[in-house]
Amino acid sequence: MKRLIAALAATTCLTAPALADDEKIVVGFATAETGFMQAYDKPAQDAAMIRIAEINAAGGLLGKQIEVVNADTKTDRAEGAKAGLSVIDAGADMVVVSCDYDFGSPAALAAESAGLPSFFLCAESIKAGIQGVGPNSFSASVLAAVQGATMAEWAYTKKEARTFYRLLDTWTEYNKGICDGFDWMLPRLADATLAGEDTFLNEDASIAAQITRIKALPEEPDAIMLCTMMPGAVSAIKQIRAAGINSMILNGSGVDGSYWLSAVPDLSNFFVPVQGSIYGDDPNPEVTAFNAKYKEATGGDPSTQYVYPGYVMIDVWAKAVERAGTVETSAVVAELEKMTGEPTLFGPRTFTSEIHHQNQARYLIVETNAGKPGVVDEWTISEAIPVADLMK
Amino acid sequence: MGSLLQVIFDAAALGSLYALAALGIALIFGVMRLVNFAHGDVIAFSVFALLWPSVDAVAVVFAGNLPWFLLIPFVLAIGAGLSVLSEIVVFRRFRRANPATMMIASFALGFVIRYFLLMLFSSRPKSISLLPALSQPVEIMGARIPLLQLITITVTIAVLLGLIAFLRRTRFGLEMRAAAENFTMARMLGVRANRVIMGAFALSGALAAAIALILGSQTGTANIMMGANVMLMAFIATVIGGMGSLAGAVLAGFLLGAVATVMQVILPPDARAFRDAFVYGAVILVLIFRPQGLLSARGTKERV
Amino acid sequence: MSLLALSNVSVRYGRLTAVRNVSFSMAEGEILFITGPNGAGKSSLLRAIAGVTPPAGGRIDFEGHDITGRSPEDIARLGVSMVPEGRDVFGGLTIEENLMVGTGMHARERGWKARAATELEAVYATFPILKDRRHTQAGLLSGGQQQMLVIGRALMTHPRLVAIDEPSLGLAPNITDQVYERLIALQAERKLTLLIVEQSSTRAMMAGGRMMLMRGGEILLDGDARALGQSEAMQAAYFGYGEH
Amino acid sequence: MSLSVARRTVTTPILLGLLLVAFALLALVVGSKPFNQTIIDIFLKVIFVVGLWVFIGNSGVISFGHTAFACLGGYIAAWTTIKPMLKGTAMPGLPDWLMGMEIPFWASAVLAAGWAALWALIFGAVLMRLSGIAASIATFAMLAMVNSIYSNWESVTAATSSVVGIPIVRSIWPYLIAALIAVFAAWAYGISRHGLALRAARDEPTAAAASGIDIPRARLIAFVISGAIMGMGGALYAHSIGIVTPDTFYLGLAFITLSMLVVGGMGSLSGAVLGVLILSSLIQILRWLEAGIEIGTTTFALPGGVQEIALGAVMILILMFRPAGIMGNRDLSLPRGAASDSQGQTGPKT
């Protein structure tokens, strides 16, 4: 009977026993090891592990080694809650949750109610933080709205785009976030106009009707703000170009990567904002060095920029712990909220008591030309997007 | 004028996809009253068969590099093969089971196929350049239409004509139609049950593979869930077409494609996001007024 | 040697026993009527012979082959042609297509197409109305025409034994007369063996031949139709007098 | 009559109830938070599947649409229990009286049941005329409609974004009580005049119609009751993890609950409950295997993803050998009760 209970107690996959050990600091990963989200969580988690390994190699945090416990969310919300509780039971001092806000929040809520800080691996919704989960929750990435706003302002300033077309895939909050940022920025750009707008759904087999609407415009728009994500993005891009529309296409970071470019041969006039370049041409040579380290650790190059937030996350958290001198939640959160323009490998990071997310950030602009992506510019939006506008 | 023509083409292209999928489902429903929920996963499987198993983000192309005249038969054979295999391994044992049991079994089978793909390829959608020559636009009477759209419509019409010829002119086709109407009676006339059912599965699988080719070249993506949405629409088409009526399934498939396209065109921007709600509402209305379907197959009594 | 022989055949649906230990045999060229009230097990017996409902017990032989538990298509291919109750035409197929469905079983033989064509003409000769409407959908035919169609369809398979379930069901008496007239003529012409199920014994008495009476899943009487039809025993057995 | 029927069959819900209590006690003994959450999850599935059974089991009509009612219920929890301030930012379109409302979780579950029942009544009035596969697809269309509306009505449902701030209830007892309520309500309905009439109509539609049973009305009653149970389950689901999104209550949940019902045996209430308990236990065991089991000094682990494949394969095998589900059409009862009741209860047809 005892053994049975012990087995039941280990109900979700714990790789370390529950110990309240003062000799080490425990980071709990309640992330997807299987299912749909696995492909998104794993790369960022690998990057986080690289930073942890670096810290441990340099003598640890507050002189203690960082240990990691894992629990699988199976890309399921109810399982996510269980996974969160599992890592908390295993003594986590900080809980890392799934990349996506929807899949990460059950575990983050579990951490919040246990009074522990939580970090979303790469969620880009304002709700992945104070506004959704609670005062101890953070996200390691940059808001989706910043991406939309960045693209609009950059295309206006550097590419003289004046007429914009807004094509929104209503499938996820992330997509809407990009378009919200675009909507916020557009009126701030003198004489820029919205030539039209339309919606589609990521799983739509065909967006022919939406394309027909663009083609019915008297003039091709200068730029199409495409607020979507994989896998629908490839389909949409392919269909837009196949219909003979050659406007510049502006995107969120979700379409970063060269792995899909073979589907749209010789794609040009295509722009993506990224936190760091996976193409080996980042202006910061340390990023390229990190890429090499990543390849060494995982056997493959980073496939998208979403690897990087995992590294940033451990970096800023560890700094906060070091400064606070403890892993105690309120002290760590207070230190994090003091960070203003904190330099990281992937641009400066700021947290305040109002927002645990980046509402203004430096982005590199990647242009894909004749099927070859490369960094062409960098851009930081002229003003931070106010929290009130993000919450509407 | 050009834009009206364009809308017609858009509707026909989307409708073609639904019609092909509905046909695949109606064929199997006809001979064994099975609502096959694994159909969408056969579609996905047919596309993934072009790739080597790998969980990397970059797709490792395998059969996808074949020239088109080998590639198309290869994919069709994969779809038909998987479909026939599922009949032999699973559905054959459910011949006498009630429709609910069969349906759940097909769902479980689809689940197995989907997670098998997930294990081999991970969930990240893979990009493939399938028949890239088809991505060029062509000009017809003032409308610039993607070549692929044109081909989709042509292929659908060709498949439909071919299928009609097959069903009307060949002995096997005749037996299949008879079996679809009254399976027991057909057997009492010496029609071999296993052959007809396997034939239906093979055809249905090949149709799934045809959709896979079209979706694959249209979206440039191999995605584990790529068949799901088309399959759901196809079910609806099969039912509102009249379960067991092949002509009804095709008609309803085109109709659904047309309704979805027209809704996208006429709805105001704020209501466009609710497009699917309107489409499904229309489906309920059709069912209320014609529960037996638009073209009900005579003599098809439902075994419930 | 008998063409069809049943020994101790039982048919069960779940807990319900429809046919109980029935044994009988038929000689080649014989006409046998099975009569009996509703629920006597007549149709179940035919379904067992055709292989649609495999018997729960007993054994069925056809031309010396054990066909117990064989599939309907195998049994059909051996030469048993079944015309089930309710005129199961393929409503969406044309008349000619209906007739052709059963010819597929001979497709392996040489010259089957020519023979099927001859057969078709023969059926049309018997039922001229079918020829006139050969490209009409069978679902649009009247009841009598559908009855002719299913009989013609059974003949197209080149059967040794034709088993017909209630050919008169739902038909006007004069149409029934026509159907029977053709059936009997065909039987004589082709040396067919006919097994006909009818609820009433009237037809059997008119047509002549052998008659069996079923009730409660069992065969109660077996003998010459005309002689049996008049007997008191028949009345008693049919309605179940004197059993309680 | 109904009293004697009640006395004769009451052992079934009592036995099922005891089984559920045993699961709750197991969670108590183990005392691990994740395991507690696992049991809560099982109880929620029991509520959903029993809710499905009330309609599907009694009417014989397969419904794909019942998770729509869970969705309606889940959002009731969001609308009525989140702090007004949070609600204002997430769902600014709510009417003022709803905006200011903040009620305890059990009240939201009751309200959710009522709200879902109301919509079941409205949809059912239209849909219950349909039979067979047309009815199944129509219920699916209903689900897709509800999903599409909830996924896009930004101001009232926050669209596809997760609504957070729903008070999380981690105690196991409310879920146990709700599951018991569902089981007893389903049993009471099953032996009621309406339930008997509906089952008669399922087995012998022509005869039932001839004897004056209004089949659409009988189905409607079952639809409303099952809708209410699903609504309650939806609200509690929201309280178990603290968030709702429309796609939580879409095809994934619809299929897993339907599978549990069919595998357990849709012909009986015991089949519904046991289907959940058996499949959930199976899933849990497969997860342990996936995570790795230590045998001696070596760790044996299934590769990731095998759990789902094995689950699908086991489901197919169960249905292959027991097409009417694990329980067939039988109900759990004490041996004595089974003997006296043998006439009406047939074994599984295979």
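**Figure 1. Packing of helices α3 and α15 in chain D of the predicted model.** Helix α3 (residues 33–59) of chain D packs against helix α15 (residues 269–291) of chain D at an angle of about 145 degrees, and their axes are 9 Å apart. The crossing of α3(D) and α15(D) is right-handed. On the side of α3(D), the contact is made by D:Thr38, D:Ile42, D:Lys45, D:Val46, D:Val49, D:Val50, D:Trp53 and D:Gly57. On the side of α15(D), the residues are D:Leu269, D:Ala272, D:Val273, D:Gly275, D:Val276, D:Leu277, D:Ser280 and D:Gln284. Sorted by class, the contact of α3(D) with α15(D) holds 10 nonpolar, five polar and one charged residues.

Figure 2. A:Val97 has A:Phe120 in β4(A) as its bridge partner.

**Figure 3. Antiparallel pairing of β10, β11 and β12 in chain A.** Strand β10 (residues 270–274) of chain A pairs with strand β11 (residues 362–369) of chain A over five bridges, in the antiparallel sense. Here A:Phe270 stands opposite A:Thr368 in β11(A). Strand β11(A) is also joined by eight bridges to strand β12 (residues 372–380) of chain A, again with the strands running antiparallel. A:Lys372 in β12(A) is the bridge partner of A:Asn369. The hairpin of β11(A) and β12(A) has two residues between the strands, and A:Ala370 takes a positive phi near 50 degrees there.

**Figure 4. The annotated domain of chain A.** An unreviewed UniProt entry lists residues 25–371 of chain A as "domain: Leucine-binding protein". Residues 25–371 of chain A are 40% helix and 18% strand. The C-alpha atoms at the ends of this span lie 45 Å apart.

**Figure 5. Contact between chains A and B.** Five pairs of chains touch, and the most contacts are between chains A and B. In this pair, 35 residues of chain A are in contact with 39 residues of chain B. The elements of chain A that give two or more residues to this side are α2 (38–57), β7 (193–200), α8 (208–215) and α9 (232–242). The residues on the side of chain A that touches chain B comprise 16 nonpolar, 14 polar and five charged. Chain A and chain C, by contrast, do not touch, and their nearest C-alpha atoms are 33 Å apart.

**Figure 6. Confidence along chain B.** The average pLDDT of chain B is 85, and 95% of the residues score at least 70. Among the elements of chain B, helix α2 (residues 39–48) has the highest mean pLDDT (94) and strand β3 (residues 143–146) the lowest (72). Over residues 298–304 of chain B, pLDDT stays under 50. For these residues the model has 20 contacts beyond four places in sequence. Where pLDDT is low, the predicted coordinates should not be read in detail.

Definitions and conventions:
Residues are numbered from 1 along each chain as its sequence is written. Chains are lettered from A and ligands numbered from 1 in the order in which they are written. This is a predicted model: local features need pLDDT of at least 70, side-chain atom pairs count only at pLDDT 80 or more; totals for chains, interfaces and linings use all residues. Axes are lines fitted to C-alpha atoms, for helices over the stretch in contact, and angles run from 0 to 180 degrees between N-to-C directions. Helices (H or I, at least four residues) and strands (E, at least two) are DSSP runs, numbered from the N terminus. A crossing is left-handed if the near helix is turned anticlockwise from the far one by less than a right angle, and right-handed if clockwise. Two residues are in contact if their C-beta atoms, placed from the backbone, lie within 7 Å. Ala, Val, Leu, Ile, Met, Phe, Trp, Tyr, Cys and Pro count as nonpolar, Asp, Glu, Lys and Arg as charged, and the others, Gly among them, as polar. UniProt positions are given in the numbering used here, feature names are shortened, and annotations may be inferred rather than shown by experiment. pLDDT is the predictor's confidence in each residue, from 0 to 100. Two strands pair if DSSP finds at least two bridges between them.
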